[in-house]
Amino acid sequence: MIYFDNSATTKIDPTVLQTYQTVSNDFWGNPSSLHNLGDRALQMLQSARQQVAEIVGCQSDEIYFTSGGTEGDNWVIKGTAIAKREFGRHIIVSSIEHPAVINSARQLEKLGWDVTYLPVTKAGFVTPESVAAAIRPDTVLVSVMAVNNEIGSIQPIEEIAKILEEYPTIHFHVDAVQSVGKSLWSHVLPERVDFATFSAHKFHGPRGVGFIYAKRGRQLETLITGGGQEQNHRSGTENTPAIAAMSKALRLATTDEAQKAAHELALKQKLVDFLSTLPDITIFSPLNANFAPHILCFAIAGVRGETTVHALEAEDIYLSTTSACSSRSGDESSTLKAMQVPEKLATSAVRISLDDANTDAEVDQFIQVFPKVYQRFQHMNRR
Amino acid sequence: MKYTEITVRYGELSTKGKNRREFIGRLNGNVTKALAAFPDLHIYPKRDRMHISLNGTDSDAVIAKLSQVFGIQNFSPSIKIEKDIEQMKTTALQMLQEQVPEAKTFKIDTRRSDHDFELDTNQINLLLGDAVYDNIPELTAKMKHPDVTLRVEVRRDAIYLSSRTIKGAGGLPVGTAGKAMLMLSGGIDSPVAGYLAMKRGVEIEMVHFFSPPYTSERALAKAKQLTAKLAPYVGTIKFIEVPFTEIQEEVKRIVPEGYLMTVQRRFMLRLAVKLAEQRKGLAIFNGESVGQVASQTLESMVAINDVTNMPIIRPVATMDKTEIISIAEKIDTFDLSIMPFEDCCTIFAPPRPKTKPNLEKSRFYESMFDGEALMARSLAGVKVTEIHSHDEFLATDQIDIQSVL
């Protein structure tokens, strides 16, 4: 099996799973319990938080554990809107955000907020100028993702941060879900960023756990109220095994991060070099420093993305139509649509998403198998 | 800069006449203990200063430890060189170059005890001053309050150069003022009181009252952890845990609510005094601050102090809470102190304690039960442990935790 769908999810690392199990067995107390079992679990929780904070480069009270990327995005968007409703009801998001951001914004729109959806260039980038132009006196939030999940474009977070230096009260949120393990930390988390969302299963951690970075002193309304966990900002008994496992997964993902990213880039290079030789192929994720090393989005003219996915699946190669989250709905990619890619081409797009664990041999095998699929479709197209 | 020696200047003890020898001996012992982790050092205590040869040990690590030892006014890391004029010149230039651009003015200050050296004090001053003037244009000479003073000492064995003077912890060497008991609750004030006691040379032993199940193991661990925080100033500190449950229950049963606190405190003080007597302590230290809480009004102090003639020293008596907190932060006990565990002072705290308890009434209520027997039982259950600065009591599971993260 060749797994090229790592932006959809990654396989849990065996040692991370081991951590999950050990913590489930040996630290299973409720961290809020006063007795020794609770204290032991609390120490685990705090140490996991400390480790995450050290890797992110912040204080441990700036890390809040969540159930994953979707919750993190929902929390920051809606939590900001509610917390700052007296100061303004205008938010700015890019039009290529993950649905967790877009649909949170849409929900706010229904409730009376104004939302600006920033357009992107044909190549798939938000421009800092468009951010500057969209800012109004009542703007309370700018949310732009670090790495686009469909085509891998790295958004100009540093430049947007520079613009927002002049608007210190606007919350700046970065959905960083796709950026972990790609050696992009300084790029996606400059000082001006107030909030960032992360999800464990994108870096070989377990499902159902993630975290947000929330800068000290920034106001964010609580969405999940209850027993007061996570400094009273996100209630619910802490998922200690998953949190510890995520902390470990994050440590592993950020160890030798640059080498891993370089390895993925070399694989991507090989794939791009190969695909470029085929006339009916359009590549949306070129090889340059503005694109993440692990995502390669391309389309075969006239062949629906779904068809390509299934044809390669028959060869035991797993990739996906642009974003796994929305691929079942059959819509064309929202990122490609925002890039004004013609609908017919957009519905043909598929995404390869690589990981450090992918090998040269796997890429070679893909290169060997792919022409068969490609030629078969060419026959179909001619008829 | 790679320093080869550290010269330590004594604090107030230089003025202490006849006891001088004892003070120096004690300081030598404390410094030796504080620097025990560095086996290559040689420590030479002398009459007017202490001399430490680093023998290749990293000077920054030694400096960090040394700055915590009481009884040291200041110290200077220095470089020992041969009695060679060229070498003296290059080393002096290197040392001053390091302080540029922060420093703008300099002075050369030479002492010469070896009168056979070819240059005299003034000649050395001139020679080095000229060299600096020629080679480091950023620095200008200034005799009064220069930014940096380069000290040159020409001795029989070698020349010593130093340009930094680091402030020591001050105070007196711990142990020179005798031994006392510190009543350590776990709050913010008592560790600060302990620190200040040590600063004046007092060797302290911690007396901590604990009342399971009304207080938790965690509260006890916290008190021990606080003790570990204070240990670097002396090496090790004895921690005495005194079981207090039975006394508290009896007091609660018999004494009217308004006097609960006063009578409890009288028992605590009596026990601390008895321990001091057993252990050759000369006084009791505590973290009381006048008027801070009901038990710390002057009236309360009268009613509580009534049980003993032993001196009770309250180092933070006249400090504001903010002043106490700033010391607690400096000595890194604050974050521990504010961890929320019940301690023996907060349990059974009556909602309306008497802020002006009556001495006669306090004595009367106490006459209603057999205090001596209660105290005897408590003292029989006393446990003493010796606590080192590296001991860990709160984060006990860290090895397990780090192995899975």
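User: Which strands form a hairpin, and how many residues lie between them?
Analyst: S7(B) and S8(B) form a hairpin, with four residues between them; helices (H or I, at least four residues) and strands (E, at least two) are DSSP runs, numbered from the N terminus. This is a predicted model, in which local features need pLDDT of at least 70, side-chain atom pairs count only at pLDDT 80 or more, and totals for chains, interfaces and linings use all residues. Residues are numbered from 1 along each chain as its sequence is written, and chains are lettered from A and ligands numbered from 1 in the order in which they are written.

User: In what sense do S7(B) and S8(B) pair?
Analyst: S7(B) pairs with S8 (residues 159-162) of chain B in the antiparallel sense over four bridges, where pairing requires that DSSP finds at least two bridges between two strands. Within that pair, Glu153(B) stands opposite Tyr160(B) in S8(B).

User: And what joins S5 to S7(B)?
Analyst: Seven bridges join strand S5 (residues 105-112) of chain B to S7(B), and the two run parallel, with Arg112(B) standing opposite Val154(B) in S7(B).

User: Switching to helices, at what angle do H8 and H9 of chain B pack?
Analyst: H8 (residues 257-278) and H9 (residues 298-305) of chain B pack at an angle of about 50°, their axes 8 Å apart; axes are lines fitted to C-alpha atoms, for helices over the stretch in contact, and angles run from 0 to 180 degrees between N-to-C directions.

User: Which residues make the contact?
Analyst: Thr262(B), Arg265(B), Arg266(B) and Leu269(B) of H8(B) meet Ser300(B), Ala303(B) and Ile304(B) of H9(B), contact meaning that C-beta atoms, placed from the backbone, lie within 7 Å.

Conventions: Two residues are in contact if their C-beta atoms, placed from the backbone, lie within 7 Å.
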